[in-house]
Amino acid sequence: MKEIIILGSTGSIGTQTLDVIAAYPDKYRVKALVCAKNIRLLKEQIELFRPEFVAVEDVERARELAALTSVPVLAGREGVLEAAGVKADVTLNALVGIGGLEPTLAAINAGNDIALANKETLVTGGETVMRAAAEKKVAMLPVDSEHSAIWQCLKGEKQCKELILTASGGAFRGYSKEQLKEVSAAQALKHPTWNMGVKVTIDSATLMNKGFEVIEAMHLFSMPPSRIKVLVHRQSIVHSLVKFTDGSILAQLGYPDMKLPIQVALSYPERGNIEFSPTDLTAQPLTFEEPDTEAFPCLKIAVECAKAGGAAPVILNAADEVLVDYFYRGLIKFYDVPYYISKAVDELSGVDFDGSPEAIRSTDARCRKYLDGCLSRR
């Protein structure tokens with residue numbers, strides 16, 4: 001049986017991962033579960049999956065949980081990193097934000113294959129992470145549906161010309177710049193096809209999510225940004241495509257259900273045998289269109305940061321985390337997000353940057369401080 005550690009077990013990806021594991025009781029065993037603070041759900045997961053231990057980042061919540069269960073409970077950021085560094089077959093990282101970077105590195109150092117759903121790991125530390133994975137000879141197993149699709153299309157293929165990431169377009173596809181000036185976070189959270197958390201859903205509405213995925217694909221598949229294209233595909237049935245040197249295009253299709261890429265990652269190098277959500281190809285036409293980067297400039301900003309490299313993607317990520325939170329709380333407008341991201345990248349990216357976790361942390365902190373200062377003066 002494969003031993004699985006789940007970082008972020010109480011979030012959307014974490015709970016769906018446990019659904020997949022529950023469907024294969026003779027194939028997978030949960031070794032550890034990690035969450036930020038949702039101990040109510042974590043306690044239910046403990047009772048169902050009986051992990052060897054758990055970790056809770058919120059120290060007070062960890063103490064509360066320890067009084068309710070006989071399973072060992074690690075506490076705080078140190079507990080999360082300790083859990084991430086325990087040997088297992090696969091560590092699935094579904095943590096949210098840049099806090100997922102160091103747990104990924106800890107799991108790689110333990111020799112665990114990484115099922116990666118934490119975008120920030122590769123957006124902020126792509127070169128460092130991929131180099132560490134190569135040195136430890138661990139597999140990087142993409143869980144994002146787009147990167148899973150590319151990974152599946154590339155198996156056994158060598159002459160790739162272009163990667164094509166698909167985007168749903170988010171809640172505001174087709175909106176004009178004038179219409180977008182007054183949209184709210186509540187509107188942004190009404191995603192047309194996927195059920196995701198707040199941060200990634202708002203990033204989908206701004207197209208920043210797709211910009212992050214360009215950076216991830218660049219690192220996962222050793223592909224320059226100039227050879228990574230984005231197409232809006234409203235139906236979210238084609239998860240991504242690969243174009244080869246002879247003009248052939250391979251695509252991976254499936255109903256928009258994250259259990260499919262999760263199952264693909266956990267079952268690697270084999271393929272699972274459960275069809276969680278059947279795909280009806282006759283249900284609707286499949287359409288593709290170019291993204292509107294004038295109305296949605298975050299995608300263009302992210303691609304520019306991917307090309308620039310260095311500290312730029314770290315600043316991009318930190319700025320987006322800060323600004324999405326401000327937008328969600330109704331403190332800024334939709335177009336304040338790309339405006340202040342560009343401002344932070346222009347102001348802060350020209351610094352020495354060696355890609356180390358320490359440099360990533362300090363750059364991230366500097367960007368957050370800078371933006372809090374900018375926004376407090378509004």
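Reply: A residue is called buried under 20% relative accessible area, exposed over 50%, and partly exposed in between, with a 1.4 Å probe and protein chains only. The model is predicted, so local features need pLDDT of at least 70 and side-chain atom pairs count only at pLDDT 80 or more, whereas totals for chains, interfaces and linings use all residues. Residues are numbered from 1 along each chain as its sequence is written, and side-chain values use heavy atoms, with hydrogens and water left out.

Me: Why is R173 called partly exposed?

Reply: R173 has a relative accessibility of 32%, and because this value falls between 20% and 50%, the label is partly exposed. E289 also has a relative accessible area of 32% and is likewise partly exposed.

Me: What makes E289 and R173 a salt bridge?

Reply: The term requires a side-chain nitrogen of Lys or Arg within 4 Å of a carboxyl oxygen of Asp or Glu. For E289 and R173 the N to O distance is 2.8 Å, so the pair qualifies. The pair links distant parts of the chain, 116 residues apart, with E289 in the loop between α12 and α13 and R173 in the loop between β8 (160–167) and α8 (177–180); here helices (H or I, at least four residues) and strands (E, at least two) are DSSP runs, numbered from the N terminus.

Me: How do you know that R361 and E358 form a salt bridge?

Reply: Their closest N and O atoms are 3.7 Å apart, which is within 4 Å, and therefore the pair counts. Both residues lie in helix α16 (residues 357–376), three residues apart, about one turn of the helix. R361, at 38%, and E358, at 49%, are both partly exposed. Elsewhere, salt bridges that share partners join K119, D144, E146, K210, E213 and E216 into one network, and the total by this rule is 28 salt bridges.

Me: Why is α6 called oblique to α14?

Reply: The two helices, α6 (119–136) and α14 (residues 312–328), pack at an angle of about 140°, with their axes 7 Å apart; axes are lines fitted to C-alpha atoms over the stretch in contact, and angles run from 0 to 180 degrees between N-to-C directions. Angles under 35 degrees count as roughly parallel, over 145 as roughly antiparallel, 65 to 115 as roughly perpendicular and the rest as oblique, so α6 is oblique to α14. Contact (heavy atoms within 4.5 Å) is made by E120, V123 and T124 of α6 and P313, V314, N317 and E321 of α14.
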